[in-house]
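Below are some comments for a colleague who is new to reading structures. Please keep the model open while going through the points.

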2 protein chains.
Amino acid sequence: MSIDLEIAQAASLKRITEIADAMGVRADDLIPYGWTKAKVPLPVLEQAEQERTPGRLVLVTAMSPTPAGEGKTTTSIGLADGLNERNRRRVAAGEPPTGQAVLALREPSLGPVFGMKGGAAGGGYAQVVPMEDINLHFTGDFNAIALANNLAATMLDNHMHHGNPLDIDPRRVHINRVMDLNDRALRNTTIGLGGVNGGVPREDHFDIVVASEVMAVFCLATSLADLRHRLSRIVVAHTRDRIPVTVEDIGAAGAMTALLRDALSPNLVQTLEHSPAFIHGGPFANIAHGCNSALATRAAMALGDWAITEAGFGADLGAEKFLDIKCRVAGIWPDVVCVVGTVRALKYHGGVDKTDLEMENVDAMLDGMVNLEHHLTVLQDVYGLTPVVSLNRFPSDTDAEIEAAIAHLAELGVRAESAEHWAKGGEGCLDLADAVIAAAAENEERGGGNPRHAYDLASSSVEKIEQIATRIYRASSVEVPPAVQKKLDRFVREGYGDLPVCIAKTQYSLSSDPSLRGAPEGHVLTVRDVRLSAGAGFIVVICGDIMTMPGLPKDPAAYRIDVAEDGTISGLF
Amino acid sequence: MSIDLEIAQAASLKRITEIADAMGVRADDLIPYGWTKAKVPLPVLEQAEQERTPGRLVLVTAMSPTPAGEGKTTTSIGLADGLNERNRRRVAAGEPPTGQAVLALREPSLGPVFGMKGGAAGGGYAQVVPMEDINLHFTGDFNAIALANNLAATMLDNHMHHGNPLDIDPRRVHINRVMDLNDRALRNTTIGLGGVNGGVPREDHFDIVVASEVMAVFCLATSLADLRHRLSRIVVAHTRDRIPVTVEDIGAAGAMTALLRDALSPNLVQTLEHSPAFIHGGPFANIAHGCNSALATRAAMALGDWAITEAGFGADLGAEKFLDIKCRVAGIWPDVVCVVGTVRALKYHGGVDKTDLEMENVDAMLDGMVNLEHHLTVLQDVYGLTPVVSLNRFPSDTDAEIEAAIAHLAELGVRAESAEHWAKGGEGCLDLADAVIAAAAENEERGGGNPRHAYDLASSSVEKIEQIATRIYRASSVEVPPAVQKKLDRFVREGYGDLPVCIAKTQYSLSSDPSLRGAPEGHVLTVRDVRLSAGAGFIVVICGDIMTMPGLPKDPAAYRIDVAEDGTISGLF
């Protein structure tokens with residue numbers, strides 16, 4: 001039995017109507033999915049945005065992670081629970097309240113649930129529940145996204161089959177079909193076989209749902225009309241004359257929007273401590289921007305005094321895209337950035353071997369600070385933000401290590417707290433909550449809140465990449481091979497020159513070489529390829545291997561998942 | 001604007017809790033999906049089955065249809081509304097009530113919604129609502145089924161990729177991946193390409209979800225444990241030594257059950273006149289048994305005084321499978337069979353050209369009666385059932401035609417009524433409702449209700465096919481080629497000899513030749529192929545072309561589907 005599932009199944013959940021009511025949303029305004037999940041309709045959110053003062057936005061990001069991950073999701077959950085616990089205590093003590101925190105997180109993909117990594121609903125005493133539902137196709141959003149994506153692919157192939165009036169080149173199809181599973185055998189396929197009645201033969205590929213542009217579009221859409229508009233401009237293919245063919249051209253935009261209409265409303269659940277949590281959307285953090293939907297983040301801001309959200313991978317990738325892509329689209333800007341670090345990751349960047357991370361090593365930990373410090377500097381200097389460090393405590397961490405880390409960061413003038421939400425829930429995050437409250441006050445005092453970006457949209461794509469590479473990745477230069485430059489020139493000719501860039505590179509290093517730990521500098525960022533995501537509204541810049549359809553391991557987690565006769569699920573983690 | 005959608009969008013729906021309450025199900029016992037849809041959990045249904053007298057079961061089937069279909073779904077809806085309207089009128093008049101009718105129908109597939117035929121939520125004033133939701137992925141059941149099916153396929157390919165310890169033959173894989181779309185280009189594919197990291201190369205095929213064995217299993221399962229058991233025994237491949245490989249062997253049964261756990265509870269919605277309707281499951285009527293889930297039919301019987309359900313295609317296919325497969329598994333038996341006929345179909349079987357069906361032709365209509373009469377005779381003589389004919393009225397039907405048809409059937413001693421539910425709702429089915437009530441009383445008087453089947457399970461597969469072919473299809477004999485007989489012999493060796501047979505043949509003729517109208521006899525039924533559905537629990541006998549992955553037409557319905565800024569969907573029909 002997994003500890004996470006055991007804790008989640010033992011939890012006593014409140015009705016979702018009660019959770020909503022505490023945010024001032026009437027039960028009748030919800031769209032219930034069972035008794036502990038609901039969607040909040042967009043008109044309800046729009047009204048709240050018009051009528052209320054938006055809550056403070058806290059972005060949870062991380063230092064460059066180890067392969068195990070440093071716990072951004074659990075920290076986000078712990079911080080929300082910590083803020084709400086602090087608020088309850090203050091109210092109980094007759095002190096002025098600090099306000100209610102509302103989470104905005106990504107939906108889990110079934111790929112890792114059945115593969116190796118497991119679910120993504122937090123862990124220990126920092127979880128969102130109902131854990132099984134959230135991890136097992138939830139309210140059906142990913143299925144709606146898969147259907148919408150696959151409908152476009154089907155209609156494209158159908159167009160080619162029925163005479164191909166647009167003269168689409170079957171060798172220049174850009175949209176892949178998707179499935180929300182790790183299905184290695186579908187990475188490279190040929191389709192349309194079997195003769196005249198079987199469609200037009202061509203090479204094809206399947207991606208996992210979270211890697212689709214429809215997912216990215218879904219997560220950046222700010223309204224139903226904006227969703228339809230973004231879907232319509234997705235470039236699905238080119239003609240033989242190299243003219244872009246969009247979703248609008250193949251007549252799929254309306255039907256795709258119909259499939260996604262209900263899914264677009266954010267899903268509301270709760271943490272183990274009954275903090276409200278919007279769990280909505282979940283695009284890849286490499287070929288997309290890696291954050292929950294813009295609508296969910298705005299919902300958390302509209303309905304909470306504190307909105308806690310996270311961005312994928314480390315700050316160089318997740319926070320950069322959150323700030324330069326998502327914030328621009330959604331019209332939001334964080335008040336505080338919470339950077340998750342761990343003693344393990346600090347030691348890793350200090351040169352300790354992966355197998356020795358559980359042994360105390362204060363010196364190596366301090367050596368690894370260069371990585372965390374660089375992320376903090378970028379957030380402060382490039383973006384003008386106020387960071388707080390959360391040291392997500394693991395059982396192997398020693399007091400000496402934690403204390404040395406906090407002391408070091410204090411010398412740099414950065415608030416840092418040990419966070420023990422995994423073991424203790426919100427109570428383990430009270431200090432972190434206080435640090436966030438203090439940082440928000442400081443940010444307000446110094447007039448923070450004005451968006452600053454790493455690059456101007458009016459710059460060329462190469463200039464944008466250079467800004468990110470030199471200011472954030474510490475690269476000395478960017479190398480753009482002629483074939484890639486040619487594609488970028490074509491994007492400009494096609495009218496996409498003003499789009500932001502979305503860089504896909506390893507999360508394990510500031511550089512594009514995963515073996516370069518710490519804070520490497522002077523390296524060259526080589527752009528291997530670029531791809532247009534015209535619907536999502538960015539140009540994907542590929543600087544490393546990216547895998548858009550994972551495979552299952554030899555011993556997949558699916559082997560251990562089962563259901564008892566009474567419906568109790570086991571084996572999820 | 002489509003008339004069906006216009007009527008549906010103008011409808012005033014009751015809360016689903018109110019609909020459930022009228023059946024004696026408490027709001028708290030439902031699992032709501034929005035305010036007008038809910039799932040009824042299996043324990044609630046089991047308790048009702050234990051505590052209440054089951055309602056009378058009415059099976060709605062049809063004569064051999066024209067390509068346009070004769071309206072089984074609208075008739076089922078109209079009949080339920082008619083029975084409930086009759087009940088209300090009797091209660092209002094101080095007469096003894098006739099009891100409440102509850103529907104059990106199939107869920108629509110997205111293939112026809114985006115293709116040519118349109119949705120499947122009834123039509124005119126005989127609809128189940130919310131129409132858009134029911135037609136557009138509803139409560140997610142089909143997505144759960146697709147995910148469960150595709151997980152098994154993925155785990156099978158993953159097994160072969162990681163050393164293939166079971167020695168599965170990549171040329172003998174039986175499970176196809178599925179998608180709930182008409183996607184012609186996926187009919188014939190090659191997968192596992194791209195080298196060592198891309199899986200094991202092999203030929204593959206995708207089916208539409210409704211054609212999957214997982215769908216058939218889902219619809220025949222009588223409990224969660226039975227679902228898991230049926231899933232586990234699905235044969236997904238053979239080894240190089242020709243040993244069957246099951247879902248259990250590849251370790252997927254538990255995870256598949258987890259994906260399907262919530263979906264297995266029947267979905268409750270309402271008709272335009274607020275009759276309760278369970279809409280759940282929807283397997284193909286050729287390679288599967290073509291009825292809604294066994295659990296939904298049993299739910300309608302447990303909670304209603306009348307349970308109205310339908311079976312796909314004409315009575316030779318749909319009713320036969322309902323009676324010989326589904327009734328055996330679910331432990332149910334109809335009290336009355338309502339056979340849907342139309343003046344159009346009667347004229348068609350009387351030899352009238354498809355283009356002339358709207359012109360009055362009483363003689364041809366009477367000539368075509370041979371088809372309807374044969375279906376009635378089979379239901380009476382083979383199965384011992386009490387049939388009622390519903391003449392589903394179309395605008396082009398003349399009074400002379402309808403009157404002649406009713407008079408002709410009256411001479412045969414069969415109750416027949418003109419039904420005008422499309423134009424008038426339940427009010428247009430009051431006579432039909434009365435006929436069904438009278439037929440049920442007659443059936444009870446003569447001690448009806450004992451199941452009788454077309455064949456014994458202990459007979460050989462060929463004997464079973466012969467029984468159906470000669471008694472129901474009017475064939476003189478059955479031809480089983482040696483290669484097919486060899487496969488049947490293998491099924492016996494593998495332990496599947498006692499399974500019922502599920503015949504896939506054209507629905508347009510009693511024979512396997514769609515051009516033979518009326519009631520052809522003396523023809524030979526040639527078995528082209530047989531397939532094992534060990535999980536569903538039948539042997540599929542293929543006697544014609546079957547298409548398990550349809551394609552989109554040149555001008556698909558998807559082109560006209562759209563969503564306005566306020567979320568209103570247009571173009572569905």
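How far apart do the C-alpha centres of domain 2 of chain A and domain 3 of chain A lie?

1. The two C-alpha centres lie 25 Å apart. Please bear in mind that this is a predicted model. The domain assignment places residues 142–259 of chain A in domain 2 and residues 462–542 in domain 3. Domain 1 of chain A is assigned three segments, 3–111, 119–140 and 263–446.

2. Domain 2 of chain A brings 11 residues into contact with 10 residues of domain 3 of chain A. The two domains bury about 750 Å² between them, and carbon and sulfur atoms account for 52% of that area. Of the area that domain 2 buries here, 46% comes from Glu213(A), Arg233(A) and Val235(A), more than from any other three residues.

3. Between domain 2 and domain 3 of chain A the count of salt bridges is 0, while 7 residue pairs are in polar contact, both residues at pLDDT 80 or more. On the domain 2 side, α8 (213–220) and β12 (235–239) of chain A each supply at least two residues. α8(A) gives the most, with 4 residues. That side divides into 6 nonpolar, 1 polar and 4 charged residues.

4. Next comes the contact between the chains. It takes 71 residues from chain A and 73 residues from chain B. The buried area is about 6000 Å², with 62% from carbon and sulfur atoms. There are 8 salt bridges across this interface. In one salt bridge, the side chains of Arg177(A) and Asp183(B) meet at 2.7 Å, N to O. Elements giving two or more residues to the chain A side include β1 (31–32), α7 (141–161) and β8 (177–179). α7(A) gives the most, with 10 residues. By class, the chain A side has 35 nonpolar, 21 polar and 15 charged residues.

5. In chain B, look at helix α8 (residues 213–220), where 8 of 8 residues are buried. Among them are Glu213(B), Met215(B) and Phe218(B).

6. Is Glu70(A) buried or exposed? Glu70(A) counts as buried because its relative accessible area is 3%, under the cut-off of 20%. Glu70(A) lies in the loop between β3 (56–62) and α4 (72–92) of chain A. The side chain of Glu70(A) reaches the backbone nitrogen of Thr66(A) at 2.7 Å. Residues that Glu70(A) touches include Pro65(A), Val340(A) and Phe394(A).

Note on methods
Residues are numbered from 1 along each chain as its sequence is written. Chains are lettered from A and ligands numbered from 1 in the order in which they are written. This is a predicted model: local features need pLDDT of at least 70, side-chain atom pairs count only at pLDDT 80 or more; totals for chains, interfaces and linings use all residues. Side-chain values use heavy atoms; hydrogens and water are left out. Contact means heavy atoms within 4.5 Å. Buried area is the accessible area (1.4 Å probe) that two parts lose on being put together, summed over both. A salt bridge is a side-chain nitrogen of Lys or Arg within 4 Å of a carboxyl oxygen of Asp or Glu. Ala, Val, Leu, Ile, Met, Phe, Trp, Tyr, Cys and Pro count as nonpolar, Asp, Glu, Lys and Arg as charged, and the others, Gly among them, as polar. Buried means under 20% relative accessible area, exposed over 50%, partly exposed in between (1.4 Å probe, protein chains only). A polar contact is a pair of N or O atoms within 3.5 Å; within protein, one must be able to donate a hydrogen and the other to accept it, and residues adjacent in sequence count only if both atoms are side-chain atoms. Domain bounds come from an automatic or database domain assignment. Lists of a residue's contacts leave out its neighbours within four places in sequence.
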